[in-house]
Amino acid sequence: MTALILAGGQGTRMKSPLPKVLHPVAGRPMIVRAIEGCLQAGVKNIRVVVGHGQNLVKTVLEPYAIKAYVQEQQLGTADAVKAADLESLDGHILIMNGDHPLITTADIKSFFAEFTAKNLDLAVFTVELEQPGEFGRIVRKDNKLSSIVEAKEASAEILKTKEINTGIYIAKAEVLQKLIPLVKNENSKKEFYLTDIITLAAEFKYNVDAILSQNSDIAHGVNNQIELANASQKVYMQNAEKLMNNGVIFIDPKTCYIDDTVVIGSGAIVYPGVFIRGKTAIGGFTVLEPNCFIVDSIIADGVQIKAGSYIEKTVIESQASVGPYARLRPDTTIGKAAHVGNFVEMKKVKFGAKSKAGHLTYLGDAEIGEDVNIGCGTITCNYAADKNKYKTIIGDRVFVGSDTQLVAPVTVGNDAIIASGTTVTKDVPEGSLALARTPQVNKEGYAKKFKKTESGH
Ligand code: UD1
Ligand code: MG
């Protein structure tokens, strides 16, 4: 089977500079949802019809090696199908509108199964809606599909019809090759409506039918920002429900935004306001406190992520605790039972097991051993005047006193101690104390004298 995804329209009602099909639904562009739905259903041949914003849309297609077919002018959905090099198609063709992001692999599979079981030449996927709104209406005569009438063209009687066109069709290639050239644009919009092939198919005595689905989600078309947000909320809620069915505990699931690519182990607790995106895996019994943002990260079992933490491309091993208000940037690994406290930022850091950085610290381009104590206000000075980044390496069981700067490249050996307030500019040998402070001088009585001169007495 070949899938034809129609994505050439402008999406005027979105009122956004982004082409409509690139708008994300729960983290993934609508067009990506359509493509992945097809791929998972085993449809390997995919053609996408592009038009408005085609250069941007093509960038999304490239990683999938999907060919884009350019529809020069948006003359309607039948014209879009024509643009996909209709003559070169064979076998079964699945046609989908690019703006129905809630269609799943299961929907595609069941549609195709019914199409083959009924030995059809052409079928349209339909649902019944209490408020059919702007959708094309399904008209049946003697219970047989006879036409699809666009809402704009429909009589008051036809408008009452609750069964609507979802914009998903399956047809034999030769049926499309025969009927598409016959579609005319004699309607209020002067467009070539794909829906007209239904009437034509009936005229040519093809075996044509409407297949009614019970899943009304497939009718969720996105034509404006409100429908987009509703679609995202639906997916986020479905994702939370899936996780709850696997034993994840949510305090208030409707406030949590978890992509469908995320896995979470049972017994984990998700507090309100948590965002989890991309390729993220979270272990069981892990606690995610309010307002954490986690992207493309792997977090093991029994980890505690405290409120307000921002975690990107980071690996956190079991029993570790992070935050509140920690920022872990890409390529960071936090070892087992390590502790990263409030207002700590790390980037490209390997932070050893049981090590602690409790407060107000920046570690970048660093390797920190096990059981290390990083005192409050420690800074790795990794960015040098030559605009290069240099590494700081700290061995096991090192004690770094508060307010230390480590000027990279620098290495601190195992079991060393760095005195508070030290600026480390040279390597520190194993087991030694590094101390670099100006000795303190106390001048007795000086303060009193100084204050007097200040106030002019
Ligand atoms: C279409 C159907 C309607 C159905 C509804 C389901 C037609 C005439 N009407 O209406 O019966 O109920 O979808 O959502 O088909 N496109 C192109 N090139 C064009 C025009 C459209 O590629 O020249 C693409 C759009 O990008 C979109 C899809 O085709 O992805 C559907 O177009 P849209 O304008 O949204 O059609 P609807 O008015 O929603
Ligand atoms: Mg539409």
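A residue counts as near a molecule if one of its heavy atoms lies within 4 Å of it, and 23 residues surround ligand 1 in this way, the closest being Gln71, Thr77, His100, Glu150 and Asn165. This is a predicted model, in which local features need pLDDT of at least 70 and side-chain atom pairs count only at pLDDT 80 or more, while totals for chains, interfaces and linings use all residues. Side-chain values use heavy atoms, with hydrogens and water left out, and residues are numbered from 1 along each chain as its sequence is written.

**Contacts of ligand 1**
- Taking a polar contact as a pair of N or O atoms within 3.5 Å, an oxygen atom of ligand 1 lies 2.6 Å from an N or O atom in the side chain of His100.
- The corresponding distance from an oxygen atom of ligand 1 is 2.7 Å for an N or O atom in the side chain of Thr77, and 2.9 Å for one in the side chain of Asn97.
- Taken alone, ligand 1 exposes 760 Å² (Shrake-Rupley method, 1.4 Å probe), and the protein buries 89% of that area.

**Shell around ligand 1**
- The shell residues divide into six nonpolar, 14 polar (a class that includes Gly) and three charged (Asp, Glu, Lys and Arg).

**Largest cavity**
- A cavity is a set of points on a 1 Å grid over the protein atoms alone where a 1.4 Å probe fits but cannot get out, and the search of the whole structure finds one of 30 Å³ or more.
- The largest cavity holds about 40 Å³ of space, and its lining residues (an atom within 4 Å of a point) are Ala78, Asp79, Lys82, Ile180, Val183 and Phe192.

Notes:
Chains lettered and ligands numbered in written order. Polar contact = N/O pair within 3.5 Å; in protein donor to acceptor, adjacent residues only side chain to side chain. 1 Å grid on protein atoms, 1.4 Å probe; cavity = no way out; pocket = protein on both sides within 12 Å on 5 of 7 lines; lining within 4 Å. Points joined across faces, edges and corners; volume = space filled by probe spheres on them.
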